[in-house]
Amino acid sequence: MINEIYFAGGCFWGVEHFFKGVQGVTSVRCGYANGSLDNPSYEQVYTDKTGHAETVRVLYDSERINLQELTRLFFATIDPSLLNRQGHDVGTRYRTGVFYTTEEDRQVLEQEFSRQRELLAQDAPEAVFRTELLPLDKFFPAEEYHHDYLDKNPGGYCHLDFKVFVYLKLYQDLKALVEGESDQIARMAECAALITERMKFFWTGFYRVIDGELVLGPFQGPSACLRIGFGKGVCGTSWKQKKTIVVPDVEDFPGHIACSSLSRSEIVVPVFGADGSVCSAVLDIDSTEIGTFDRTDATFLRLIADLI
Ligand code: SME
């Protein structure tokens with residue numbers, strides 16, 4: 001069945017381009033939503049007085065992708081803590097929101113929004129969650145030149161970090177590769193190899209929770225320490241706190257375990273079991289540069305960890 005959902009995620013050129021690459025999406029359309037004027041022009045919306053948000057209508061085949069997964073992908077492309085801006089773009093038309101058309105979708109979205117609020121509170125305790133969850137008021141397709149803008153203008157303005165497109169492909173390729181594979185070690189091995197191939201990080205691998213300790217699992221990169229205790233290092237802290245930890249500079253993380261002196265920044269993402277509460281492993285990635293990892297890495301790597 002074909003369903004519809006509306007995503008406001010900043011400049012619609014980039015958002016449209018992103019969703020075009022999502023498997024299961026059958027059509028995307030740039031437009032203006034939830035404003036006060038019918039059939040507004042870009043110039044009218046640009047004044048920021050009509051109340052519209054630049055929005056992308058996404059039609060999708062619900063047998064191939066569900067609303068929860070689409071919404072998780074959407075959140076990987078935005079910063080929900082920003083008020084009326086995304087990337088370099090500022091104005092109420094660039095506010096973020098998800099606009100639904102059915103009661104059933106509202107319920108799915110309410111649930112996903114509470115999860116996203118929790119994740120933001122973990123990642124950035126000071127941040128305020130700003131993304132709107134509202135019924136669609138009215139959607140008007142934008143002028144023709146806005147449609148397929150980044151296909152018509154390769155290299156044109158896109159507020160999204162190029163990394164989101166690389167991660168989207170990586171996520172979808174990994175999903176296709178591990179789908180139906182019941183052995184977790186095999187899924188981990190495939191995951192570490194694919195992340196290394198696409199992202200070229202210095203060290204990517206898993207530590208599994210075994211008998212109250214983290215034990216080295218499948219990885220790519222130089223040799224690493226075999227076991228890490230509960231609450232020790234970045235990995236043991238991520239396991240203990242059940243949350244993603246981004247370390248911009250390993251020297252600033254008390255208790256960081258240096259498996260290699262070349263590692264300068266790190267991200268660790270917990271892997272949860274089927275019920276979502278027990279942490280069964282962590283995904284650990286190291287970079288030789290300072291400040292490699294940000295919200296984009298954290299949100300996509302959480303999606304990737306869910307495949308494990
Ligand atoms: N630095 C990690 C240890 C694992 S290595 O990075 C591969 C930590 O502090 O937990």
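**Salt bridges in a predicted model**

A search of the whole structure turns up 20 salt bridges. Keep in mind as you explore that this is a predicted model. Let's visit a few of these contacts in turn.

Start with aspartate 38, which forms a salt bridge with lysine 138; their closest N and O atoms are 3.1 Å apart. Aspartate 38 sits in the loop between strand E2 (25-33) and helix H2 (42-46), while lysine 138 sits in the loop between strand E7 (132-135) and strand E8 (139-141), so the pair ties together parts that are 100 residues apart in sequence. Aspartate 38 is partly exposed, with a relative accessible area of 44%, and lysine 138 is partly exposed too, at 39%.

Now turn to helix H4 (residues 103-123), which holds both glutamate 103 and arginine 106. These two are three residues apart, about one turn of the helix, and they form a salt bridge whose closest N and O atoms are 2.7 Å apart. Glutamate 103 is partly exposed at 43% relative accessibility, and arginine 106 is partly exposed at 25%.

Next, find aspartate 173 and arginine 198, a salt bridge with its closest N and O atoms 2.9 Å apart. This pair links distant parts of the chain: aspartate 173 belongs to helix H6 (residues 163-178) and arginine 198 to helix H7 (residues 184-199), 25 residues apart. Is aspartate 173 buried or partly exposed? At 18% relative accessibility, aspartate 173 counts as buried, because the cut-off for buried is under 20%.

Finally, look for Arg72, Glu112, Arg115 and Asp306, which are linked in a network of salt bridges.

Technical notes: Residues numbered from 1 in each chain as written. Predicted model: local features only at pLDDT ≥ 70, side-chain atom pairs only at ≥ 80, totals over all residues. Heavy atoms only, no water. Salt bridge = Lys/Arg side-chain N within 4 Å of Asp/Glu carboxyl O. Helix = DSSP H or I, 4+ residues; strand = E, 2+ residues; numbered from the N terminus. Buried < 20%, exposed > 50% of the residue type's maximum accessible area, 1.4 Å probe, protein only.
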